[in-house]
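Q: Can you walk me through this one? I'd like the fold, the core and the pocket.

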Amino acid sequence: MATSVSLDDKALYPMFFRNAPSDLVEADTLVSMLEHYNVTAVAIAAISDTYGVHASQQLINSLLRARITVTAQSFYSAASRLRGTAATSEQYLTENINTLV
């Protein structure tokens, strides 16, 4: 994926140019916003493709560095995107999780 942090290696990819930020920049920006609102714990729902798995892992790393707790994580398939998101959100609400990213 073009947002993969692995593409930041200029020795391996000297001609690579981004027009979208890396997953690390996106994760750090989201964490900054969560810190601004004093969020201390989140649940993560992500699509189960390569992008979703890697982006959610990058987000988890950034959250842990910021000492924000990840209370739950779930993945859903592209085919069940809307149904999966709704079911995950409903599950998290019953578990008293109030911040879903």
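A: Here is a short tour of the model, starting with how it was treated.

A: This is a predicted model, where local features need pLDDT of at least 70, side-chain atom pairs count only at pLDDT 80 or more, and totals for chains, interfaces and linings use all residues. Residues are numbered from 1 along each chain as its sequence is written, and side-chain values use heavy atoms, with hydrogens and water left out.

Q: How many helices and strands does the chain have?
A: The chain has 3 helices and 2 strands. Both kinds are DSSP runs numbered from the N terminus: helices are H or I with at least four residues, strands E with at least two.

Q: And in what order do the elements run from the N terminus?
A: The order is α-β-α-β-α.

Q: In which sense do β1 and β2 pair?
A: Strands β1 and β2 (residues 69-76) pair in the parallel sense, over 7 bridges. Two strands pair if DSSP finds at least two bridges between them. The chain crosses from β1 through α2 to β2, and this β-α-β crossover is right-handed. That means that, with the strands pointing away from the viewer, the path from the first strand over the helix to the second runs clockwise.

Q: Which residue in β2 is the bridge partner of Val 42?
A: Val 70 is the partner of Val 42. Further on, Ala 45 stands opposite Ser 74 in β2.

Q: What share of the chain is buried?
A: Buried residues are 33% of the 101 residues in the chain.

Q: OK, the core. Which residues make up the largest nonpolar core?
A: There are 10 residues in all: Ala 27, Val 31, Leu 34, Val 39, Val 42, Ile 44, Leu 59, Ile 60, Leu 63 and Ile 68. The elements that give two or more residues to this core are α1, β1 and α2. A nonpolar core here is a set of buried Ala, Val, Leu, Ile, Met, Phe, Trp, Tyr and Cys residues joined through side-chain atoms within 4.5 Å.

Q: Take Ala 27. Where is it found?
A: Ala 27 is in helix α1. It counts as buried, at 5% relative accessibility.

Q: Which element gives the largest share of the lining?
A: Helix α2 does, with 5 residues.

Q: What is the lining like by class?
A: It has 10 nonpolar, 2 polar and 2 charged residues. Ala, Val, Leu, Ile, Met, Phe, Trp, Tyr, Cys and Pro count as nonpolar, Asp, Glu, Lys and Arg as charged, and the others, Gly among them, as polar.

Q: Back to Glu 26. Where does it lie?
A: Glu 26 lies in helix α1. It counts as partly exposed, at 41% relative accessibility.

Q: Last topic, the loops. What is phi of Asn 38?
A: Phi of Asn 38 is near 60 degrees, a positive value in a residue other than glycine. Asn 38 lies in the loop between α1 and β1. It counts as exposed, at 63% relative accessibility.

Q: And Arg 67, where is its place?
A: Arg 67 is in the loop between α2 and β2. Its phi is also positive, near 60 degrees. Arg 67 is exposed, with a relative accessible area of 75%.

Notes: Buried means under 20% relative accessible area, exposed over 50%, partly exposed in between (1.4 Å probe, protein chains only).
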